[in-house]
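Q: Before us is a structure to be read together. Please guide me through its features.

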Amino acid sequence: MNFDFFFSNLPELTITGLAFGAIYALIALGYTMVYGVLQLINFAHSEVFMYGTFATLWVVMALGAADADGVQLIAILIAALLAAMALSALIALALERVAYRPLIKRDAPRLIALISAIGASFVLAELMGLRDRIAGWLHLDDNLSEYVRKAKINNSMAGAIEKPRFEVAGVSISSIDVIVIVAAIGMMILLDQFVRRSRLGKGIRATAQDPETAALMGVNPTRTIQYTFLIGGLMAGVAAFLYMLKLDATNYQVGFLLGVKAFTAAVLGGIGNLRGALLGGLVLGVAENWGQALIGSQWRDVIAFVLLVLILLVRPTGLLGESLGKARA
Amino acid sequence: MNTGLKSKVTSLPKPVKILIWLLLALLAYALPLLEPPILSTPDSDFASVLFTVSIYCLVALGLNIVVGYAGLLDLGYVGFYAIGAYTVAILTSFHASWPLLLAIPVGVVAAMVSGIILGAPTLRVRGDYLAIVTLGFGEIIRLVVLNTEWLGASKGINNIGRPPNVGDAPDGLFELPHLFWGNGTVLLDTKDTTKFLIFGYSDAVPFYWVALTAVIVVLFADRLIKNSRVGRAWEATREDEDAAELMGVPTFKFKLLAFATGAFVGGLAGGLFATQQSFINPQSFLLLFSILYLAAVVVGGQGNRWGVLIGAFLVAYLPERFRGFEDFRVLAFGLALVLLATLRPQGLLPPRRTVRAKQLEQELDELEEGAGGEETARA
Amino acid sequence: MTACGTTKEDGKGGGSDAACDLKLAFFGPETGDAAGLGKPIIQGAKLAVDQYNADADCKVELVKYDSQGSPDAAPGLARDVVGDESIIGVVGPAFSGESAAAGPIFADVGVPTITPSATNPTLADNGWDTFHRALGNDATQGPAAARYIKDTLKAASVFVIDDASEYGAGLAGIVEKDLGDAVKGTDTIQQKQTDFSATVTKVTSAKPDAVFFGGYYAEATLLIGQLRDGGWDGTFVVADGVKDPAFLDAKDAAEGTIITCPCIPDTDPAVAQFAKDYEAAFGEAPGTYAAESYDAANIFLDGIGDGIDNREDMLKFVNDYDEKGITKQLKFDDKGEPADVHVYAYTVKDGAIVPEGEIK
């Protein structure tokens, strides 16, 4: 164990860990909300995120962020953020419509919904992976070749955005990490307040607590489920944008591993619990970075899963317990 | 229509039934020699594909005990498969040179012990948590192997032991010709023969026979267990854990038993895979395989042993049969999963009990006039 | 685009009646995760076959066996290859893992293989007469990379990173051993990961003159970008797995990267011609291992041109082969390793990979 290195770089390791953890947390929201309302693992949520990363990439490429600066660059980034949120939300809604609603209507067993989600996840990822072929059929490949180019990693965004670093008390910090952390926490607070106070949020919580009573009280269950997916999709879009801001690169399989981690974060914090998702994400991100510093980067995922098992053994319902509706048995 | 045929079959006298089963088994054994035109795979060796199918069948039967009978969602089943495979690899080649027939039982026991070690602390947590914990377990196994030099790391382990030949190499006891299907004619292909029972590199048929035998043995054992007190305890635990506990079923012990039994079969499948492959590395134990195995069980109809066999066959065979589709294989597989889930949510061949329960539920629903969809969706 | 192959029912089991009806097989990933690595290899072999067919009476067919880079599928495909008598040579298997799984089967039946990309040194130690390698293994490239770091860069401190793949870990292990005390730290990342912040912190805190990364371009592109963002400005040294146009996507961050490769620079006329033909045929610059694959296919095609029509003669032909290819003098020692390997240094300059000269 490399304690010297660990303690001398603790602040830096913590900040980069928090930044990635914030991204986990935003993705985890989608899992946690859908789980809270439907009790099912939305396995395809990772692809919702992946489409968001591509929306960001494409907008930044199309609007030429590499040559822009100042106000122009900010405008481009806002456009990219909106595009990511829009595409992710659209995919999330389509997912609900095609892969879940028919099953919910037929009272299918929950496991089969998981299988449907796994199938949908394959389809979504492969459609993105085959985008060069699809563009070819539509005879768009001449115009779009840069956008649909098949590559193991798509980082046409690299170098487009400056990532200045600054020093606070001898610790070098990336401005992007700060932006990611602040933006993610801000979004979470906003969402938390929204679910707590707004009419729609109350409807979601009511359905999570007791769908039948909620329906009797005039909450439209189908509509509520739709909104849940929509919110999850929007948050995944934000996560995708921040992820691209931090790393510049994506590919069509990027969702899988992140999705597994985000789901781990959701369970860690207590699934169904919004604040739990935030806490779980941040804890996971920091723990991964600390663990990598101590015992080597190859053990990153092992650290994450061992942490999960340990916490579940001590607190079987996660760090903050499960409670989208605040009173789940 | 289906039930008509079924009642006809069940009303046959016992010797006839046994005869039919024997003939079916014989057909299964002869399949790689017959190489029937539509069934056989144009782009990969048919016997190798059949071997893969048998391994999936074994895995699906094992996972069915965990998921279908005991109702425990396991997303890391590939971990047990890996433990079986690696134990065999290490004992026959990497760190020792045990005979295979000794190494496989050890591998199976190792998988079973790891099932108990994993299950003891985690089976107390609720269903969906179990899913993510097992998923983590599967990944941990792979990552530990990948990053540990002693286990071969990414380079893998080769020259894994093979089963002992029956008869003298290179010709064996006798040779069995394969069939060759030309345009409208069927010939015995004397150049393409399988030597009985020589476990060589270029012929997968003997390995397929071994795997098929394992499937049949496990199938019998599965039948015995399912109809015993243990099987009924599993069913009770799955349906309502609290009620089962009140009735005096030690649910935790039975869940652990299901986990260990499943791991046992998974380890066996892994060991057989390793010897046929003669080389393994961590790439064969990706998380994706756990998902494919689960898909096989659920698509076929969890809880029904014939259903999961069909599921395993589809999941393992279709991608090999339609290699020609190249880029679109995974896409088509995903579409098929979504379609199956929406069109046949109970699986292709649901267990009889589920069918009855479903009918009863429908009757009740009709009486109550709808409402309460959510509750049953959680069953 | 690549229309050949995929419908192979005609040749199966029936054997070939005319000596004319010969095939070469590509064995490796065409689809799936690793398709990116397979594509240049397929195209390199296809270019060789197309050029041969352009003025040959008997056309040779290139059949593709898509393993998706997985050792699981390899034995089944290999048994299918050996079952088709008209296939008299295999370009591949592409990865070391599938080579290890398919190798015994090819050796058992006697189908000559030339891999353009599998670099695990132990593959040659299995005693397979059929195994040949058209590129230097990790054990030849690693010491050269270490020499370059020590002698040319004169780096006093080096940080060694690998990606835990058999290629990357093997190479990095050798470099680490050869550099000895100069190594200030090591770390292992995992393939497919995208965030390397902990590794970056390790590097920035060790402040090495150079970082050696053993791995492929996908992770290298991300790693160098994040290292530069992290404020590290030393020299990034990588090996042939990164010598791919896609690495240039890292833009400014990639500038100054040293790439070692056991492949002749395209300032050599034969190589330049290959690069030109390749670009004309496929509309892109040759990717990693395209040239090795072209060489491998050409060895078999030379044999077919000489009238060889069976595996036994082809195996003998390949074992005795000694001609100049575009990547090196193509001659195999008795283990199947290339007898003559030179390692060259390349550097990324103004958005292009330019040769620097041989590493002596």
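**Reading the model**

A: Helices (H or I, at least four residues) and strands (E, at least two) are DSSP runs, numbered from the N terminus. This is a predicted model, in which local features need pLDDT of at least 70, side-chain atom pairs count only at pLDDT 80 or more, and totals for chains, interfaces and linings use all residues. Residues are numbered from 1 along each chain as its sequence is written, while chains are lettered from A and ligands numbered from 1 in the order in which they are written.

Q: Where does UniProt place the feature "transmembrane region" in chain A?

A: UniProt annotations may be inferred rather than shown by experiment. The unreviewed entry lists several spans, including 48-66 and 227-245 of chain A. Residues 48-66 of chain A are 79% helix and 0% strand, with end C-alpha atoms 26 Å apart.

Q: How many residues of chain C are in contact with chain A?

A: Two residues are in contact if their C-beta atoms, placed from the backbone, lie within 7 Å. Here 27 residues of chain C meet 30 residues of chain A. On the chain C side, α6(C) gives the most, with 6 residues.

Q: Over which residues of chain C does pLDDT stay under 50?

A: pLDDT is the predictor's confidence in each residue, from 0 to 100. Where pLDDT is low, the predicted coordinates should not be read in detail. That applies to residues 1-18 of chain C, where pLDDT stays under 50. Chain C averages 87, and 95% of the residues score at least 70.
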